[in-house]
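Dear colleague,

My notes on it follow directly after the sequence and the model.

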Amino acid sequence: MRRLSCELAVRASLAMLLAEWLIAPVAFGSPEPAELVKKLLPAVVTLQTIDSAGETLALGSGFILSDGRVVTNAHVVSGCAVVRLISFSGTELGTRRDALFFDQEVDLAVLPAIEDPPGTVDLAAADPPQGTRVLVLGAPQGLSNTVSDGLVSGLREVGGRKLLQISAPISHGSSGGPVLDSEGRLVGISVSSIAEGQNLNFAIPQSALREVLARPSRRVALETTLSHQAPNRKPKRPPQLLERVGRIPEAPELKPETKTSFSLAPGEIMFFNIDGNAGTEVMLRIDSDKGPVDAQVYLAREEPGEFW
């Protein structure tokens, strides 16, 4: 009888502990998310890229390192004449026309430092394991100071580079924004998403940024960073919202897992027709004389007299 009473007491205690665990709120970490966001938003910037005619090309996100340098995605600033850096409060922090580091393959750009930055971000010591809870800050669709949260869903390798798959929502304009752990340390940089999926978003791991920062700096004018420019045609970025992809007459059609042959001279551009929604990211593998090259492109539409 005494043994039965003990078993019942143990079971009751376990039930109470389980009930408390289920009812108790799940903590994001220390400090609390609201405190973390308040502390880190000053380190986030909105980037407005402008062409040589003074027209806005696109909006993106970035963040400030401890030494004042600004980090974003290479594709955010590629080919623009100037970048305006706008703080979380809406004030201009300056403009930049060149980058200290620009790597299209990794898709990272580091811009010259801001004097007296309003806030900074520190890098985490290591890349996050699967299941790590994260915060994402940025300006999706130009909506600055946007915060989302989620998990590191997986660790992927896409086109020969490592990416973090995250469930925190991101959109156009989020590119280049910081992905932070529960202590506010940088674990990744927002880079892309799969529109047709459910919370299928990707970030460049902080280890890739560390590798870029370890190299000798090589200042480059942003306006010269487009890999291919056709004469008499001005490259322009797609607007925030686009309709169905248009058709370019006589352009070859590409389908998944298919191959086509073509040759290009320096400065020439090859157009392809690919089914999909405008803004969708597509990975292309190009077999060149120097070996395979992985290209990250975005579907868009052609306008008279220019291309997107």
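**Findings**

D107 is buried, at a relative accessible area of 1%; here buried means under 20% relative accessible area, exposed means over 50%, and partly exposed lies in between, with a 1.4 Å probe and protein chains only. Please note that this is a predicted model, in which local features need pLDDT of at least 70, side-chain atom pairs count only at pLDDT 80 or more, and totals for chains, interfaces and linings use all residues. Residues are numbered from 1 along each chain as its sequence is written, and side-chain values use heavy atoms, with hydrogens and water left out.

**Two loop residues with positive phi**

D107 sits in the loop between β7 (101-103) and β8 (108-111). Helices (H or I, at least four residues) and strands (E, at least two) are DSSP runs, numbered from the N terminus. The phi of D107 is near 65°, a positive value in a residue other than glycine. D116 also is not a glycine and has a positive phi, of about 50°. This residue belongs to the loop between β8 and β9. Is D116 buried or exposed? With a relative accessibility of 74%, D116 is exposed.

**The open sheet**

Seven strands make up an open sheet with antiparallel pairing, in the order β5-β4-β1-β2-β3-β8-β7; two strands pair if DSSP finds at least two bridges between them. β5 (92-96) and β7 stand at the edges with a single partner strand each, so one side of each has no neighbour in the sheet. From one strand to the next, the twist averages 25°; axes are lines fitted to C-alpha atoms, for helices over the stretch in contact, and angles run from 0 to 180 degrees between N-to-C directions. Three bridges link β7 and β8 in the antiparallel sense, and F102 stands opposite A109 in β8. Helix α4 lies across β2 (56-64), β3 (70-72), β7 and β8, and runs at about 55° to β8.

β9 and β10 run antiparallel and are joined by six bridges. V134 is placed opposite G150 in β10.

Strand β13 (residues 186-193) contains I189, which is buried at 0% relative accessibility. Which residues does I189 touch, not counting those up to four places away in sequence? Among them are F63, N73, L108, G177, V179, F202 and L209.

**Helix α2**

In helix α2 (residues 33-40), the residues L36, V37 and L40 are buried. Seen down the axis of α2, the buried residues fall within an arc of 95°, so they line one face of the helix; the arc is that of the directions from the helix axis to the C-beta atoms. These buried residues pack against β1 (44-50), β9 (133-138), β10 (146-158) and β12 (178-180). The exposed residues A34, K38 and K39 are carried by the face of α2 turned away from its buried side.

Yours sincerely

Key. Contact = heavy atoms within 4.5 Å.
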